[in-house]
Amino acid sequence: MGASRSGGATDELGPDEDPGGGTPGGPVFPDVPAPGTGVPGAASDGSELLAALLDGMDAALCAFDADGTVTHWNREAERVLGWSAREAVGRTGFAGWAVRRADADEVQARLMSAMGADGRQVHEFALLRKDGGRVLVRTQSAGVRGADGKPAGVYCAFGEVHARIDLERAIALSEALLEDASWGVVLVDVDLRPTVVNAYASRALGGSRTTLLGRPLGELLVQGAEELEAALHHALAEGVPDAPAELWVTLRTAEGERRRCWRSGFLRLASPLAEEPVPLGVGWMFQDVTAAKLARQEADRLRFRTNQLHRAARTACECEDPMEAATSLLDFALAGFADHVLVDLVAGERLVRAAATPFDAPGPCLPVSGGSVPVRYAPGHPALQSVERTGTVRTGAAAGACRPDGWATERRWPEDAAHALCAVLRSRGRTLGVLTFLRTANRAAFERQDTVYAETVAARVAGAVDLATVTRGE
């Protein structure tokens, strides 16, 4: 960065005089007055501006005429090496003051070789500070042409190697993050609109790196945009959050809506060139952790259900009545799994209700008072399908097709039921009935992993029901 600025400054150098006392035809540099350069002589038009430009540069800069005499020396060069402009300007080369005498000839030859070469040359030298310390610098040097087009001198921009390496690392890091990082990086402006999107983020957001720019986040996300914008506002106003946040969002894709979990971190961006921090926006970094989150949730669910089955088995084995054992099993199985459960047993060509949870309020599963009663299921009812197929049937109210209560009432289920899972009761190779689990509309539909759990519960309940029929002599 500094070298490119120094190159621009030297393009402005111009008079024919040799302020450093060199021979005529030296480098085309103006007489710069004492402020900043220490060059003696009367100031020509614009020399104050040139002096200010040189002294305001971020890079250290010095210049030599064709004989190797120092003609320019800015404040950054003074900061790096400790030598002032009045002490440096007019000296021939660096020998004995800015470079060890043993290295002086090599350093001078390498610097002055740029005078006859095309383009810039990059070197690294160990220079001497005024206090005697050594500092490793990286230089970029280029030749200066006179009005006649002949080589007239050299200018050299230099900086401490560690500072240059830090800058290069910062640039390399930013380029890597914005190109091929293994997590998403999005830079948003103060209006919370994306300005830079890396490849990972563009894939996650479902668009190209150019089409996503400048669009409100609400256009990219079906759900979760409000939470994301709130996090970005907080980072912009309060600073970096203490820990990464896990945000659930819903994306609109060609295959339909997708729900994803992004572990996100936020960085407030401020201009390094302003005297006071000026907000430029927020850096948002995220990684898709949906698979890990779902796997963790599934592991927690499986652990909970296993514990429930263990507790249910211990409770059931203490029951003298097998039907009481069956209903106890169902009470434990309902926790976190369903809102209602119905036990319908086969009696000849029909099903009769043997036990159920209350239709109008939450409660335990209890045997039907007064004995089993026939259920009036219409042909094609899911419970009848389960018995006929000797398998499990999942069903639910179609979204927007009808009211859940009407859908449930037609099937002789509680009015608030919206999702159903019917598992057949089988023991000793016989179909004993069907077990129906019901969920309300505010819960998710039954999934494939729910079927496995329901079938496990049904197998245990079937054993208890079979034992009840045997003990009663049926």
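Student: In the hairpin of E6 and E7, which residue takes a positive phi?
Tutor: This is a predicted model, where local features need pLDDT of at least 70, side-chain atom pairs count only at pLDDT 80 or more, and totals for chains, interfaces and linings use all residues. Residues are numbered from 1 along each chain as its sequence is written, and side-chain values use heavy atoms, with hydrogens and water left out. The hairpin of E6 and E7 has five residues between the strands. The one with a positive phi, near 60°, is leucine 192.

Student: Which residue of E7 stands opposite valine 188?
Tutor: Strands are DSSP runs of E, at least two residues, and helices are runs of H or I, at least four, both numbered from the N terminus. Two strands pair if DSSP finds at least two bridges between them. E6 and E7 run antiparallel and are joined by three bridges. In E7, valine 188 faces proline 194.

Student: Which residue of E11 stands opposite valine 188?
Tutor: Five bridges join E6 to E11, and these strands run antiparallel. In E11, the residue opposite valine 188 is valine 282.

Student: What is the strand order of the open sheet of six strands?
Tutor: The pairing is antiparallel. Strands E7 (194-197) and E8 (221-223) are the edges, each pairing on one side only. The order is E7-E6-E11-E10-E9-E8.

Student: In E11, what is the bridge partner of glycine 265?
Tutor: E10 (residues 256-270) and E11 (residues 279-288) run antiparallel, joined by nine bridges. The partner of glycine 265 is methionine 285.

Student: At about what angle does helix H10 run to E10?
Tutor: Axes are lines fitted to C-alpha atoms, for helices over the stretch in contact, and angles run from 0 to 180 degrees between N-to-C directions. Contact means heavy atoms within 4.5 Å. Helix H10 (residues 225-238) lies across E6, E8, E9, E10 and E11. Its angle to E10 is about 5°.

Student: Is threonine 451 buried or exposed?
Tutor: Buried means under 20% relative accessible area, exposed over 50%, partly exposed in between (1.4 Å probe, protein chains only). Threonine 451 sits in helix H15 (residues 448-471). Not counting residues up to four places away in sequence, threonine 451 touches Thr392, Arg394 and Leu421. Because its relative accessible area is 13%, threonine 451 is buried.

Student: With which residue does lysine 293 form a salt bridge?
Tutor: A salt bridge is a side-chain nitrogen of Lys or Arg within 4 Å of a carboxyl oxygen of Asp or Glu. Here the closest N and O atoms are 2.9 Å apart. The pair links helix H11 to strand E9, 47 residues apart. The partner of lysine 293 is glutamate 246.

Student: In which helix do arginine 110 and glutamate 106 lie?
Tutor: Arginine 110 and glutamate 106 form a salt bridge, with closest N and O atoms 3.3 Å apart. They are four residues apart, about one turn of the helix. That helix is H6.
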